[in-house]
There are 2 protein chains.
Amino acid sequence: MKWTRRHLLAVVLGAVAVLAWGTQVHAQTDQLPSWNEGAAKQAIVKFVEATTTQGSPKFVPPAERIATFDQDGTLWVEHPMYSQVVYCFDRVPAVIKAKPELANVEPFKTVMSGNRDAIAKLSMDDLFKILAATLTGMSVEDFRAEAKKWLDSARDPRWKRPYTELTYVPMQEVLKYLRANGYRTYIVTGGGQDFVRMYADEVYGIPPEQVVGTASGTKYGYTKNGEPFLTKEPKLLLNDNNAGKPEGIYLMIGRRPFAAFGNSTGDRQMLEYTKAGAGERLAMLVLHDDAQREYAYGPAQGLPASKVGTFTQALYDQAKREGWVVISMKKDWKRIFSFEP
Amino acid sequence: MKWTRRHLLAVVLGAVAVLAWGTQVHAQTDQLPSWNEGAAKQAIVKFVEATTTQGSPKFVPPAERIATFDQDGTLWVEHPMYSQVVYCFDRVPAVIKAKPELANVEPFKTVMSGNRDAIAKLSMDDLFKILAATLTGMSVEDFRAEAKKWLDSARDPRWKRPYTELTYVPMQEVLKYLRANGYRTYIVTGGGQDFVRMYADEVYGIPPEQVVGTASGTKYGYTKNGEPFLTKEPKLLLNDNNAGKPEGIYLMIGRRPFAAFGNSTGDRQMLEYTKAGAGERLAMLVLHDDAQREYAYGPAQGLPASKVGTFTQALYDQAKREGWVVISMKKDWKRIFSFEP
């Protein structure tokens, strides 16, 4: 009896394998339908086939299949301002309501003035003060409730849609294609880890434990009723940008990625670190060169550097030199957003 | 043709589900064979059934099934000294060879003297100096090579075996039982994250990205040839003990565990935080009360507190008050080590 069940199971599993294999081969012919044929699409497919085909000299065991993605400018729109920075500015009135003494203190006074020119001139130091005031000093639950409210109601000024709809369809296809081939996809973002974790699962299918971002510490404490809770502290643990990206990957994942995707100088070290590993590695950079469908910015476009997402000429040269693949939004992507035809 | 294949696949998958279900029910009758029948074993089985049975009011979706385990004293022997502390002491001669000026500086002078009484009296501050000197200031690859050499050669003084063999069979069964039911098992240790990641996969089946531990920062840099590498820095990012455990869980996982296992006051906050979540939660503490087969120590045993693993009377009282389950090594475990009958 026992033998019979096992035997049956083996036969049936064999049948499933054959059928599933047929299905997979069939489906794989078009897993990146929003990509035009070209070097970028080819590089992705070649990488996946080389690292996941049994018997390939570049085969990577499933447990080691890690792919990391920058978020702002790589998976969704970052121009003209990171959505999280917009969130922080939007939160300033509530912070001042809770602490009226800040109304006459810079940089809050300038933010409240609504004077766009003055706001545009705020320094990085000012920006950090605003981030600290709006993102910390509250329980993690209160933070989540506030962020959720904003994510549900805020709209991008150009497309008049929730920020969470402004993701790039071709990159969503890459995420799914990699996952269908046993890769675990991580976000490695300069943005706030807690903020991105709010929506990464719903928007990208990336669960909280696979989001690495700029992180502040928390402090464990108790309510009056003795219930434990965590408070977000204005203490920076990880500045997950530039060199902070490989450092954050080492801290949070402890494995070197086999593929990494970025779009700016903030991703340079992550791509270097990825490519420096043994075997087949993929490093890709999204170039924003489509002023009509999205934006075109950065020196590599011969255009003035924006405050965000600086794809410098030096980065472009390094990509060419080190075999990183540059993705042209204009040439490589058939379609950018899901809400467009 | 397409329809036929799909149809066939559906039928065959249905057959597999029925067969697999039969197999699982059969296998589940004895997934914790090294546990004696009693409240502890019952609590584990009851928790797993309540949280993984479809339709149960306490059902937990697979993505949220997180279980966290302290390591030293919970998954393996911590007495008379944490293995990582032994490693650090063993590394002191090599550190002094590289930096001879330390030979006459405390606490290194005392360690080199070999005077056990003097060594036993070293302060926590001294210990931190030794940890910093022996665990940082080298590339992560050099650290891994050194740690591997030691793990392969070092032997526990009582059992004369590699430390990696001194894991508790009943706890290994709990890890496997939880994983077989869709739980992801994490180590959350006061020990060094990098050190535990060296062997956690081989010893417990827990991959590096599921090890949360005390972590120092790294610094990204380049070799003379321009190859990027990470250096371990003497900068503490996360002291993953006491309140640091829930803080570390929030940072690295971003989800509250449904089950948590510990053995000392260092695990108290992790267990509190776990139990404070909604729905069915399991909190368990291993009590070292088996002087013959392992060790008996700590005030809850009416014995002098050891320097490590303090299971205080207050912790014992809190466990009783808050419904945490105490595991008696002596009464609950049929067998402790795999190398014993």
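Visitor: In which loop does Pro80(A) lie?

Guide: In this predicted model, Pro80(A) sits in the loop of chain A between strand E1 (66-69) and helix H3 (83-98).

Visitor: What is the state of the peptide bond from His79(A) to Pro80(A), cis or trans?

Guide: The general idea comes before the case. Most peptide bonds are trans. The bond from His79(A) to Pro80(A) is cis, with omega near 0°. Pro107(B) belongs to the loop between H3 and helix H4 (108-113) of chain B.

Visitor: How should I read phi at Lys160(A), as positive or negative?

Guide: Most residues other than glycine have a negative phi. Lys160(A) is not a glycine, yet its phi is positive, about 55°. Its place is the loop between helix H7 (140-153) and helix H8 (169-180) of chain A. With 60% relative accessibility, Lys160(A) counts as exposed.

Visitor: And what is phi of Lys160(B)?

Guide: Phi of Lys160(B) is also positive, near 55°. Lys160(B) lies in the loop between helix H7 (140-153) and H8 of chain B, and it counts as exposed because its relative accessibility is 61%, where the cut-off is over 50%.

Visitor: Which parts of the chain does the pair of Lys245(A) and Asp267(A) link?

Guide: The closest N and O atoms of the salt bridge between Lys245(A) and Asp267(A) are 2.7 Å apart. The pair links distant parts of the chain: Lys245(A) is in helix H11 (residues 244-252) of chain A, and Asp267(A), 22 residues apart from it, is in the loop between strand E5 (259-262) and helix H12 (268-275). Both residues are buried.

Visitor: Where do Asp267(B) and Lys245(B) lie?

Guide: Their side chains meet in a salt bridge of 2.7 Å, N to O. Asp267(B) is in the loop between strand E5 (259-262) and helix H12 (268-275) of chain B and Lys245(B) is in helix H11 (residues 244-252), so the pair ties together parts 22 residues apart in sequence. Asp267(B) is buried at 1% relative accessibility; Lys245(B) is buried, also at 1%.

Visitor: Which residues are linked with Lys46(A) in a network of salt bridges?

Guide: Lys58(A) and Glu280(A) are linked with Lys46(A) in that network.

Visitor: What is the nearest side chain of opposite charge to Glu173(B)?

Guide: A salt bridge needs a nitrogen and an oxygen within 4 Å. For Glu173(B), the nearest side chain of opposite charge is Arg335(B), 5.6 Å away; Glu173(B) is buried and has no salt bridge. Glu173(B) is in helix H8 (residues 169-180) of chain B. Leaving aside neighbours within four places in sequence, Glu173(B) is in contact with Gln31(B), Leu32(B), Pro33(B), Ser34(B) and Trp35(B).

Visitor: Which residues line the largest cavity?

Guide: A search of the whole structure finds one cavity of 30 Å³ or more, and about 30 Å³ of space lies in the largest cavity. Its lining consists of Gln71(B), Asp72(B), Ser83(B), Gln84(B), Gly191(B), Phe195(B), Val196(B) and Tyr199(B). Helix H3 (83-98) and helix H9 (193-197) of chain B are the elements that give two or more residues to this lining. By class, the lining has three nonpolar, four polar and one charged residues.

Key
Residues numbered from 1 in each chain as written. Chains lettered and ligands numbered in written order. Predicted model: local features only at pLDDT ≥ 70, side-chain atom pairs only at ≥ 80, totals over all residues. Heavy atoms only, no water. 1 Å grid on protein atoms, 1.4 Å probe; cavity = no way out; pocket = protein on both sides within 12 Å on 5 of 7 lines; lining within 4 Å. Points joined across faces, edges and corners; volume = space filled by probe spheres on them. Helix = DSSP H or I, 4+ residues; strand = E, 2+ residues; numbered from the N terminus. Nonpolar A, V, L, I, M, F, W, Y, C, P; charged D, E, K, R; others polar. Buried < 20%, exposed > 50% of the residue type's maximum accessible area, 1.4 Å probe, protein only. Lys, Arg positive; Asp, Glu negative; His and termini not counted. Contact = heavy atoms within 4.5 Å.
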